[in-house]
Amino acid sequence: MATTVSLRPPVRTRAATPAAVLALGVFAAVRGAGLLVLCAASWWAGRSPLRVLGGSWDSVWYVWIAGHGYGRTQMWPAGGSVQSDLAFFPLYPLLLRAVSQVLPGGLAVAGLAVAWAAAALAAVGVYRVGEHLLGARAGVLLVGLWAALPHGVVLTLAYTEALLSACAAWALYALLRGRWLWAAALAVLAGLTRPTGLAVAAAVSATALTAVLGRRSRAPEVWVAGLLAPAGWAAYLLAVGVRLGDPLGGYFTVQRRWGSRFDFGEDALRSAEVVLTGGHVPLAAAVTVGVMALAGLLAALLVLDRTPLPLLAYTGVLLLIAFGGAGFFESKPRFLLPAFPLLLPVASVMAKARPRTAVVVTGVLAGLSCGYGVYLLLVARVPL
């Protein structure tokens with residue numbers, strides 16, 4: 001028998017389906033505007049929009065894996081890094097390869113098609129979570145805020161954040177509705193998408209453990225979900241380890257050679273100190289510090305607001321990975337893109353404001369996000 005884990009009664013609305021369509025429309029309007037601005041700026045700068053959208057940074061690696069399989073290594077003697085494509089999880093490249101068989105335009109086009117479809121699915125999932133907890137209006141605003149994040153442009157690139165967000169949003173919604181096996185299946189997919197997919201598994205397993213220990217449910221599917229959720233993430237790490245002859249540590253060796261490791265936030269604090277005490281600092285670094293500080297504040301508000309455990313566990317693990325990992329400092333806001341529950345307190349406040357105020361605030365944030373996306377990809381060109 002399915003059980004529900006929400007600490008609050010679900011909010012029922014008569015217009016749930018139209019509101020979900022409205023939420024998807026808001027997302028499409030915000031990110032569609034950003035896409036048009038980025039394409040126009042790319043043309044003006046003499047660059048191919050398709051290359052900017054489907055061939056920037058990590059996109060190149062995913063397209064290569066989709067077309068040739070794993071086995072590519074890039075060495076940088078000056079920096080001492082050895083970049084292996086084994087750092088990238090397999091679900092997104094597999095989807096690229098499958099879609100490219102039926103969609104013309106090559107792997108880059110397939111990568112964008114998968115990312116955009118996943119982003120649309122994620123937007124509806126984000127709405128469902130917000131509607132379940134706060135009502136339809138707050139759910140729509142939650143989607144608008146999420147679409148208008150500073151690094152929202154990544155949701156329109158051939159990257160994996162949209163796919164992870166889709167798996168996470170629907171897994172969390174399944175948990176809130178007591179759909180254990182659906183949540184576990186989505187957690188497995190999330191674990192095959194990105195290293196941070198572990199956060200989805202943590203949400204499912206922690207919620208299942210709490211349900212069992214609290215004797216709120218003894219259903220077999222609770223046990224199955226809790227044990228199955230980390231399987232995708234663990235399976236890929238083990239596969240990489242076996243391939244490298246170090247089953248438990250092989251993947252982490254790959255990450256260290258990329259310059260990524262977990263240092264409990266030492267590198268992040270050092271980089272933030274440079275930004276706050278230095279003279280002229282890049283805008284991307286300054287925005288990164290601001291995003292991380294705001295994320296910490298919003299996380300505290302989530303805890304104080306007694307947010308349901310699945311959302312706390314998921315968001316907490318994402319924050320731990322983003323804050324505690326060393327590597328590309330300016331990439332940390334991108335790692336936090338799937339952490340949409342952080343925006344729940346803001347959506348709740350905006351839902352109580354006048355509709356005109358909510359529209360203006362969302363519009364201003366969307367405009368800033370559009371401009372900042374152009375800056376990241378065409379001006380600063382920092383690794384995302």
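Reader: What share of contacts in the protein between residues at least 6 apart in sequence join residues at least 24 apart?

Author: This is a predicted model, in which local features need pLDDT of at least 70, side-chain atom pairs count only at pLDDT 80 or more, and totals for chains, interfaces and linings use all residues. Residues are numbered from 1 along each chain as its sequence is written, and side-chain values use heavy atoms, with hydrogens and water left out. A contact means heavy atoms within 4.5 Å. Among contacts between residues at least 6 apart in sequence, the share joining residues at least 24 apart is 75%.

Reader: Is threonine 156 buried or exposed?

Author: Threonine 156 lies in the loop between α6 (136–147) and α7 (161–176); helices are DSSP runs of H or I, at least four residues, numbered from the N terminus. Buried means under 20% relative accessible area, exposed over 50%, and partly exposed in between (1.4 Å probe, protein chains only). Because its relative accessibility is 8%, threonine 156 counts as buried.

Reader: Which residues does threonine 156 touch, not counting residues up to four places away in sequence?

Author: The count leaves out residues up to four places away in sequence. Threonine 156 then touches Arg31, Leu35, Leu53, Leu112 and Trp116.

Reader: What relative accessible area does valine 361 have?

Author: Valine 361 belongs to helix α18 (residues 355–380). This residue is partly exposed, because its relative accessible area is 34%.

Reader: How many residues of the protein are there, and what percentage count as buried?

Author: The protein has 384 residues. The part of them that counts as buried is 52%.

Conventions
Helices (H or I, at least four residues) and strands (E, at least two) are DSSP runs, numbered from the N terminus.
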